[in-house]
Amino acid sequence: MNAVSSKPLVVVESPTKVKTIKKYLGSNYNVAATVGHIKDLPSKEMGIDIEKDFQPQYRVIPGKQKVISSLKKEAGDAEDIYLAPDPDREGEAIAWHTAEVLKKKGRRFHRVLFHELTETGIREAMKSPEALNDNKYHAQKARRILDRLVGYQISPLLWRKVKNGLSAGRVQSVAVRIICEREKAIQVFRPEEYWTITARLSADTPPPFTAKLAKKDGRKLTIPDEASAEAILSELAGQQIVVEKVLRKTTRRNPLPPFTTSKLQQDAIRKLRFSAKKTMMVAQQLYEGIELASGEPTGVITYMRTDSTRIAAEAAEEALKLIREQFGEAYAIQRPRFFKNRKKVQDAHEAIRPTSVHHTPDSVKSYLNQDQLALYTLIWKRFVASQMQPALIDNTSLTIRIGAYQFKASGSTVKFPGFMVLYQAAEDNDRPEPDKTILPDLPEGTVLNLDGYDPKQHFTQPPPRFSEASLVKELEENGIGRPSTYAAILSTIQEKGYVEKQKGYFRPSELGLIVNDLVVKSFPDIFNVEFTAKMEDDLDRVEAAEIDAKMILHDFYAPFSSELEAADQSMLSMKGVGASTGIKCPQCGSELHIKVGKNGPFLACSSYPECNFSRDYTRDEKGNIQIIEPVSEDAVDKACEKCGKPMVIKRGRYGTFLACSGYPECKYTQSASTDVGGQSTGVKCPEEGCTGELVERRSKRGKVFYGCSRFPDCKYAIWDKPVNRSCPQCGAQFMVEKTTKKDGTFLMCLNPACGFRNTGGDDEAS
């Protein structure tokens, strides 16, 4: 046997890492990749032996036999195999499965954890390999088994009761529930009127300023209506205006910790308009290796799946040195700043930080693409800022007495910017920007001039819908999912059609509302936020060797199987009876029910088949059902452009459309809506600055294409039919409808860097 085949083998997860690791380990090692998981539960059966303590029946994933053969060839007669998939639970499972397929008499397996793909990080990890982690693997298996038990047993129930192809996921369904409950809170919200009164004031010392009415006789004041506001204005008339109290103080604002996974996603969503999925994809590229000046790949950030804010002391020292060099001593703290983790945080990895602060954004920008540079800059700045001096904010607050009433005015200025010269978070309203209102320097007792009062009517606002950023925050704060799963959760709930993103905010689809109501009623505990959070904690305890995984599975399955059996009998059939609406059938007076057909939810008379009334419907902002009356054929008044036969109204997967009555001989279709210059698709033209819409057109040879309604001013055109749904993977504003013999009709993203295809696929939520 030659020397090559007996070299130690290093097995990683991603092919991208192979080149980076080979660079630093040299010719003494072979390096190969599993290309993700090589084993999983079977796709066409549950694959769990419930009677034998939930024994999983792992199989080689179809198509991975070639990968395994390649691994065996690379291993040759090597006595030492270094298993180096990602340092998390999924990576641990890949390491175990790799060890199983490469097991050989006399062969030793070592677990290697690469927290950063740099020369130091790789060499240090190889010097101190560990044993395979039983507890981490058991935690991953338990999660996979739990997800399979839920998905594989509730999904067929939904097929029977609602619609074929539906699925339920143990964690994803809870995310859908959170969105549905927020939507219902918005629907039941009733705005309440209130008023504010602002005084426009001035003194001998400029500038003029405004103050808001806050109290009467020292008590907080609420102004419910216009009459109350007018009464207060009457009492204020002619009263002397005096500065009663002046409060000046300087506050310190400390920098935020370096990024955890969820905070990185939130900031990237808000600042860069990345989706959570895109954020993780780009972060993975930065972690796995970028070809820098040397021409060899180097990981420029540490591992990107973490909920820890811990940082290495040497990294903090390196940042402090750079701060002193680039910003001066005034901006550097004396000693490194370290951050305490929240309770129950897994501290296996550091926070997300640059592997070297000397890889400044300017120095690496020529080696990164636009997305990589944007995300790297965010990570670099947040980390370096975490080691800078606090910002000092001068705050001034004035209390102004006008008769029995007290008005408040406040303003602030930045005395010393500290870390804010480098980084300010786009997190939320928890850390508001300094109020830039400038107040005059006034002593107490100053008499002010009145320039006028501004009474204004307001109404309380409903709770906001979730954006990607606020949903990630909600999931994190409620303990739903873990750093590695947030992006997958957000993608899955959109791909399954349970929620839609409109103008950047999640709304449940009608199907999502229906399925959520059914599963929550039948499985109140399993899809409960607190229950799911406790399950996440239990899985963490398995990893920490505090409890046994089998105990968790038994405790979960006993009540679940009972609820499953009951649901089989009691869950409402949306194919049969349907859900009552309280709305009378306009044809016979019986009640209309919501049913679900192959094209989605619709209204049908409960007296069917005696009465065959049915209609599409929508809901208004309050959740009230609005019947959609079909356009009559006379109103359409269109002939098929292909064969001349009358066009008829039909309803498909993506809404109402016009179809030739000569189908199937003639398959010509058109959008049901019209616009100047062609049939409108409802999709805005993607060309920057263009205000047109994409409309259906025909080429000189009669072939349908879609071009901008502002032609010839805008010449954007595509062949595929655009559909007004944003891409759940990259956030592109629309996708296109394609049809192939293999996959039928599906949606696809036109972004070549994304390539998302919604072809249905596995019914089980991953």
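# Close-up views of a predicted model

**View A. Strand 20 and strand 21 run side by side.** Three bridges link strand 20 to strand 21 (residues 591-597), and the two strands run antiparallel. The model shown here is predicted: local features need pLDDT of at least 70, and side-chain atom pairs count only at pLDDT 80 or more, while totals for chains, interfaces and linings use all residues. Residues are numbered from 1 along each chain as its sequence is written, and side-chain values use heavy atoms, with hydrogens and water left out. Strands are DSSP runs of E with at least two residues, and helices are runs of H or I with at least four, each numbered from the N terminus. Two strands pair if DSSP finds at least two bridges between them. Look for K584, whose bridge partner in strand 21 is E591.

View B. Contact means heavy atoms within 4.5 Å. For such angles, axes are lines fitted to C-alpha atoms (for helices, over the stretch in contact), and the angle between N-to-C directions runs from 0 to 180 degrees. Strands of a sheet pair through backbone hydrogen bonds, either parallel or antiparallel.

View C. Compare the open sheet with the order 2-1-7-8, where the pairing is parallel. Strand 2 (30-33) and strand 8 (108-111) are its edge strands, each pairing on one side only. From one strand to the next, the twist averages 25°. Strand 1 (residues 9-12) pairs with strand 7 (residues 80-83) over three bridges, in the parallel sense, and V11 stands opposite L83 in strand 7. Helix 1 (residues 15-25) lies across strand 1 and strand 2, at about 165° to strand 2. Helix 3 (residues 89-102) lies across strand 1, strand 7 and strand 8, at about 170° to strand 8. The unreviewed UniProt entry carries the annotation "domain: Toprim" for residues 7-117; such positions are given in the numbering used here, feature names are shortened, and annotations may be inferred rather than shown by experiment. The span 7-117 is 32% helix and 22% strand, and its end C-alpha atoms lie 21 Å apart.

**View D. A hairpin made by strand 18 and strand 19.** Four bridges join strand 18 (residues 499-502) to strand 19 (residues 505-508), and the two run antiparallel. K501 stands opposite F506 in strand 19. Two residues sit between the strands of this hairpin, and K503 there takes a positive phi near 55°.

View E. A search of the whole structure turns up three cavities of 30 Å³ or more. A cavity is a set of points on a 1 Å grid over the protein atoms alone where a 1.4 Å probe fits but cannot get out, and lining residues have an atom within 4 Å of a point. Grid points are joined across faces, edges and corners, and a volume is the space filled by probe spheres set on the points. The largest cavity has a volume of about 60 Å³. Its lining includes L158, Y498, V515 and V519. Helix 15 supplies the largest share of this lining, four residues, and helix 6 (172-188) supplies at least two. The lining divides into six nonpolar, four polar and no charged residues. Here Ala, Val, Leu, Ile, Met, Phe, Trp, Tyr, Cys and Pro count as nonpolar, Asp, Glu, Lys and Arg as charged, and the others, Gly among them, as polar.

**View F. The second largest cavity.** About 50 Å³ of space lies in this cavity. Among the 11 residues that line it, G169, Q172, S173, K496 and Y498 are closest to its centre. Helix 6 gives the most to this lining, with three residues, and helix 14 (486-495) supplies at least two. Five lining residues are nonpolar, five are polar and one is charged.

View G. Most residues other than glycine have a negative phi, and most peptide bonds are trans. P206 and P207 are joined by a cis peptide bond with omega about 0°, and P207 is in the loop between strand 9 (193-202) and strand 10 (209-216). Another cis peptide bond joins Y608 and P609, with omega about 15°; P609 is in the loop between strand 22 and strand 23. Finally, D53 has a positive phi near 55° and lies in the loop between strand 4 (48-49) and strand 5 (55-56).

Technical notes: On a 1 Å grid over the protein atoms alone, a cavity is a set of points where a 1.4 Å probe fits but cannot get out, and a pocket is an open set with protein on both sides within 12 Å along at least five of seven lines; lining residues have an atom within 4 Å of a point.
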